[in-house]
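Subject: Structure handover

Hi,

Here is the structure I promised to pass on. Please open it alongside this email.

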Amino acid sequence: MRGMMILLPLLLLAGCKDEPDFEARYDKAAEEIEARAKAMDADIAESEEAVAAASRDLPRADNPTNPPPSSGE
């Protein structure tokens with residue numbers, strides 16, 4: 001019985017895990033944020049390239065298809 005009373009607190013202490021300190025949590029969060037930002041930048045760059053490629057296929061705006069407005073005369 002006495003051995004059980006000594007063994008139980010030791011088992012409880014062994015099962016406890018140290019929580020990371022503030023700096024470790026901050027560094028991990030900063031790395032995750034930076035990775036997300038890089039992914040977002042890559043998505044934006046890809047979208048801009050797609051828009052640029054699509055705009056090259058459009059007709060030029062300096063050649064309008066509508067005639068000039070009438071003066072009413």
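Below is what was found in it, from the overall picture down to side-chain contacts.

First, the ground rules. This is a predicted model, with local features needing pLDDT of at least 70 and side-chain atom pairs counting only at pLDDT 80 or more, while totals for chains, interfaces and linings use all residues. Residues are numbered from 1 along each chain as its sequence is written, and side-chain values use heavy atoms, with hydrogens and water left out.

Overall picture

The protein has two helices and zero strands. Both terms refer to DSSP runs, numbered from the N terminus: helices are H or I, at least four residues, and strands are E, at least two. Of the 73 residues, 0% are buried. Buried means under 20% relative accessible area, exposed over 50%, and partly exposed in between (1.4 Å probe, protein chains only). The accessible surface is about 7600 Å². Carbon and sulfur atoms account for 60% of that surface. Areas come from the Shrake-Rupley method with a 1.4 Å probe; for residues, only the protein chains shown count as cover.

Salt bridge

There is one salt bridge (a side-chain nitrogen of Lys or Arg within 4 Å of a carboxyl oxygen of Asp or Glu). Lys-38 and Glu-34 form it, at 3.7 Å from N to O. Both residues sit in helix H2, which covers residues 22–56. They are four residues apart, about one turn of the helix. Lys-38 is exposed, at 55% relative accessibility. Glu-34 is partly exposed, at 47%.

Aromatic pair

The structure also holds one aromatic pair. Its members are Phe-22 and Tyr-26; the ring centres are 6.0 Å apart and the planes are at 35°, so the pair is tilted. The rule takes rings of Phe, Tyr and Trp (its six-membered ring) with centres within 6.5 Å; planes under 30 degrees apart are stacked, over 60 edge-to-face, and the rest tilted. Phe-22 and Tyr-26 are four residues apart in helix H2, about one helical turn. Phe-22 is exposed at 54%. Tyr-26 is exposed at 53%.

Charged patch

Which residues gather in a patch of negative charge on the surface? They are Asp-21, Glu-23, Asp-27, Glu-31 and Glu-32. Patch residues have over 30% relative accessible area and no salt bridge, with like charges joined within 9 Å. Asp and Glu count as negative, with the charge placed at CG of Asp or CD of Glu. Glu-23 lies in helix H2 and is exposed, at 57% relative accessibility.

Best wishes

How values were computed
Patch = residues over 30% accessible without salt bridge, like charges linked within 9 Å, V, L, I, M, F, W, Y side chains within 5 Å.
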